[in-house]
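Biologist: I am new to this structure and would like a guided look at it. Could you put it on the screen first?

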Amino acid sequence: MRLSDTMSGQTIELEPLRPGHVGVYVCGVTPYSASHIGHAMSAIVYDVLVRYLRWPSNRAGGYEVRYVSNYTDVDDKLIDRGAELGVDPLVLANQNIEQWEREQEALGLLPPDVRPRVSTEIPAIIALIEQIIANGHAYATPAGNVYFRVQSKADYGKLSGRTIDQLRSGTRFEPGEDKEFALDFALWKAMKPGEPHWSSPWGEGRPGWHIECSAMSQRYLGDTFDIHGGGVDLVFPHHENEVAQSEAATGKPFARLWVHNGMVLRDGEKMSKSLGNFVTVEDALERWSPDAIRVFALSSQYRTPNNLTNEALDAAGRAVDRLATALEAKNTAERGAPSVDASEARARFIDALEDDLNTAQALAAMFDLARAINRGRDEGLDIGAAQHVLYELAWVLGLRLERESLAQAVDEAALAEVAARFGVTAGAGAEAVEGLLTRRAEARAARDFATGDAIRAALDRIGIEIKDTPQGAEWSVRG
RNA sequence: GGCCACGUAGCCAAGUGGCAAGGCAGAGGUCUGCAAAACCUCCAUCACCGGUUCGAAUCCGGUCGUGGCCUCCA
């Protein structure tokens, strides 16, 4: 498949280092507070990338993928936030990671194969820093800090398209800094009172930001690996510094392909923790289904900024219903009836994802397939195989397209009350609904439409929808 | 100020040289006792100006507007 590569500025063909295998590293979150939709957006994009790479029906016949995504659980923000709350920063990080992992599961995100944390990777980080120092690209100071020597790398700035001169304007030395050069950045920070710290050749301290990703990607994917992903806001300085560090240590090329997703905007402005204009994943999941959130995230190409509005999420929810309805349609074809042909939609879906993971076009192919299924149902064609394809494509995008179960969606007591009101006393749950449908069918057969409509309205109020079809009434939980 | 994206229907959004995908909303119709769902039909000269070309939303130049990065950030 082709992917847009930030380093070269080109869309280039993925050619894995080891045929059939792809290594993917994605920068995860700094868990100092609850995750927001921007994190979900990013995670969904890479989740779909990994699902597609693994899918046996992709053009390459499916890759074996090793997917690594980290948690930066040692960081200035965590330390500050921990101090504010009076909680150990690592405990705070752990709480937020646990919440985020529950949310990831709810969003249908496949767990990465490795989820390393800074706090458990200290030896690898120290070893990497030692290597960089030995190669002359970093230096330790008397205070116990270690800095990367930016000017020792002639190609510094190559990822973000900047030069040291450009970057230098606008930066200045902070008072008390012991760097050689203003753009040099910390690989290791000497301990300050009250902060988490580990022993190192340079004294007690902790890793700087950036070095953890170099250490973890190297440890779990090797010196050179296939794809490195993250939000576009990480291009500079985080990813720029990662390349510089890693290549300074190994002398080999780092990531072969840099993939960056666009930001989620809120009211036209970047949604971020620091701006405080974010919608948390927790809040979003209360109002919208995981599928709706996914369709929202995937309805634009991943590099395009995505403006979050309630209307857009609501619309995505209705779009999901459309797909789910096609998947639920009853196959009424008679034996030997011709089948709905799904091959064109399937091919378009694959073409779209092969071309820089164009999920918007992939979704369009799915909607066209849904329409073909519905039409085929009306025309008495066999829709079974086409529905199977739709389900398969939905899996690649991580969509479940399943209604909630009756027990999840409907209050038991409310259902029992409705059943009692219309004289249905036997059974609960689905049995009660079936009883009510029978009662309604009797009423309608007697042309007592008032009772029939009252039953329908009562069920609708508690979240159960009735559709009258030529084969009788069908019910479903409202999406 | 520097670097980089983007500006397509009421809303979201694909398309990067050859009659403008898809979703939501809206209008009309079919089906239905009525609904719902579904199906059918309709709904855009692609920010503006100039240029290249037989032909431009797509390429080039300019104008205006929006966003991102340059400091922590998915």
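Modeller: Before we turn to charge, one convention is needed: Lys and Arg count as positive and Asp and Glu as negative, while His and the chain ends are not counted. Please also keep in mind that this is a predicted model.

Biologist: With that convention, how many positive and negative side chains does chain A have?

Modeller: Chain A has 50 positive and 70 negative side chains. The centres of the two sets lie 3 Å apart.

Biologist: What does the secondary structure of chain A come to?

Modeller: There are 17 helices and 15 strands in chain A. The C-alpha trace spans about 95 × 50 × 35 Å along its principal axes.

Biologist: And what share of the residues in chain A is buried?

Modeller: Of the 479 residues in chain A, 51% are buried. The chain exposes about 21,500 Å², and carbon and sulfur atoms supply 49% of that area. As for contacts between residues at least 6 apart in sequence, 73% join residues at least 24 apart.

Biologist: Let us look at one helix. Is H9 mostly covered or mostly uncovered?

Modeller: Helix H9 is mostly covered, with 8 of its 9 residues buried. Among the buried ones are Asp291, Ile293, Arg294 and Phe296.

Biologist: Which backbone oxygen lies 2.9 Å from a polar atom of the side chain of arginine 294?

Modeller: That oxygen belongs to glycine 108. Leaving aside neighbours within four places in sequence, arginine 294 is also in contact with other residues, including Ile44, Asp47, Arg51, Leu107 and Leu399.

Biologist: What about alanine 292?

Modeller: Alanine 292 lies in helix H9 as well. Alanine 292 is buried, with a relative accessible area of 1%.

Biologist: How far apart are alanine 292 and arginine 318?

Modeller: They are 26 residues apart in sequence and 8.0 Å apart in space, C-alpha to C-alpha.

Biologist: Back to strand S13. In which sheet is S13 found?

Modeller: Strand S13 belongs to an open sheet of 3 strands, ordered S12-S11-S13 with mixed pairing. The edge strands are S12 (269-270) and S13, each of which pairs on one side only. Strand S11 (residues 264-266) pairs with S13 in the parallel sense over 3 bridges. Within that pairing, leucine 265 stands opposite asparagine 307 in S13.

Biologist: Changing topic, why is strand S3 largely enclosed by the rest of the structure?

Modeller: Strand S3 (residues 21-26) is described that way because 5 of its 6 residues are buried.

Biologist: How many bridges join S3 to strand S4?

Modeller: There are 6 bridges between S3 and strand S4 (residues 64-69), and the two strands run parallel. Glycine 23 stands opposite arginine 66 in S4.

Technical notes
Residues numbered from 1 in each chain as written. Chains lettered and ligands numbered in written order. Predicted model: local features only at pLDDT ≥ 70, side-chain atom pairs only at ≥ 80, totals over all residues. Heavy atoms only, no water. Helix = DSSP H or I, 4+ residues; strand = E, 2+ residues; numbered from the N terminus. Buried < 20%, exposed > 50% of the residue type's maximum accessible area, 1.4 Å probe, protein only. Contact = heavy atoms within 4.5 Å. Areas by Shrake-Rupley, 256 points an atom, 1.4 Å probe, with all protein chains shown as cover. Charge placed at Lys NZ, Arg CZ, Asp CG, Glu CD. Polar contact = N/O pair within 3.5 Å; in protein donor to acceptor, adjacent residues only side chain to side chain. Pairing = 2+ DSSP bridges.
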